[in-house]
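Colleague: Thanks for sitting down with me over this one. Could you take me through the model, a question at a time?

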Amino acid sequence: EEEEEEEEEEAPASTAKGPRAFGMLSGDKEEEEDEDMEEEEEEEKEVGLCVGRIVKCRKHPKADKLQICDVDYGTESPLQVVCGGANAKEGLLVVLARVGCVISGGTKIEEAVVR
């Protein structure tokens with residue numbers, strides 16, 4: 001009799017029915033939500049940092065310390081970027097933070113109109 005009791009105690013918990021089985025079903029939904037979140041994160045990762053080359057630089061018409069740079073980063077047309085870097089010049093490889101990218105400190109890069 002003691003051996004039978006020990007065997008019953010050693011039975012794996014995975015054979016249990018009831019709430020545990022329901023938990024497994026709800027776990028499937030959680031996995032779907034996790035997959036959806038991963039897809040959203042991948043979409044967000046598409047917008048971010050990349051390498052570009054400055055193809056044209058000119059002084060900003062209304063600011064002494066700013067330049068307007070056209071940056072080629074592999075798209076059909078270069079992106080116009082306002083830059084405060086004194087070393088920005090044609091031919092320079094740069095790290096480009098595209099619109100939607102969140103950089104350190106939580107700053108989100110947003111599109112704006114050049115005044």
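Modeller: Happy to! A definition to start with: strands are DSSP runs of E at least two residues long, and they are numbered from the N terminus. Please keep in mind that this is a predicted model.

Colleague: Good to know. Where is the place of Pro61?

Modeller: Strand β1 covers 49–59, and β2 covers residues 67–72. Pro61 falls between these two strands, so with strands counted as DSSP runs, its place is in the β1–β2 loop.

Colleague: And is Pro61 buried or exposed?

Modeller: The relative accessible area of Pro61 is 64%. The cut-off for exposed is over 50%, so Pro61 counts as exposed.

Colleague: What about Gln67, buried or exposed?

Modeller: Gln67 lies in strand β2. Leaving aside neighbours within four places in sequence, Gln67 is in contact with several residues, including Cys57, His60, Val82 and Gly85. Its relative accessible area is 16%. Buried means under 20%, so Gln67 is buried.

Colleague: Which residue has its backbone oxygen 3.5 Å from a polar atom of the Gln67 side chain?

Modeller: That residue is also among the contacts of Gln67, in a list that includes Val81, Cys83 and Ala86. The backbone oxygen at 3.5 Å belongs to Ala88.

Colleague: Stepping back, in what order do the elements of the protein chain run?

Modeller: The chain has two helices and four strands. Reading from the N terminus on, the order is α-α-β-β-β-β.

Colleague: Last one: what share of the residues of the protein chain count as buried?

Modeller: The protein chain has 115 residues. Gln67 is one that is buried. The share that count as buried is 15%.

Definitions and conventions. Residues are numbered from 1 along each chain as its sequence is written. This is a predicted model: local features need pLDDT of at least 70, side-chain atom pairs count only at pLDDT 80 or more; totals for chains, interfaces and linings use all residues. Side-chain values use heavy atoms; hydrogens and water are left out. Buried means under 20% relative accessible area, exposed over 50%, partly exposed in between (1.4 Å probe, protein chains only). A polar contact is a pair of N or O atoms within 3.5 Å; within protein, one must be able to donate a hydrogen and the other to accept it, and residues adjacent in sequence count only if both atoms are side-chain atoms. Contact means heavy atoms within 4.5 Å.
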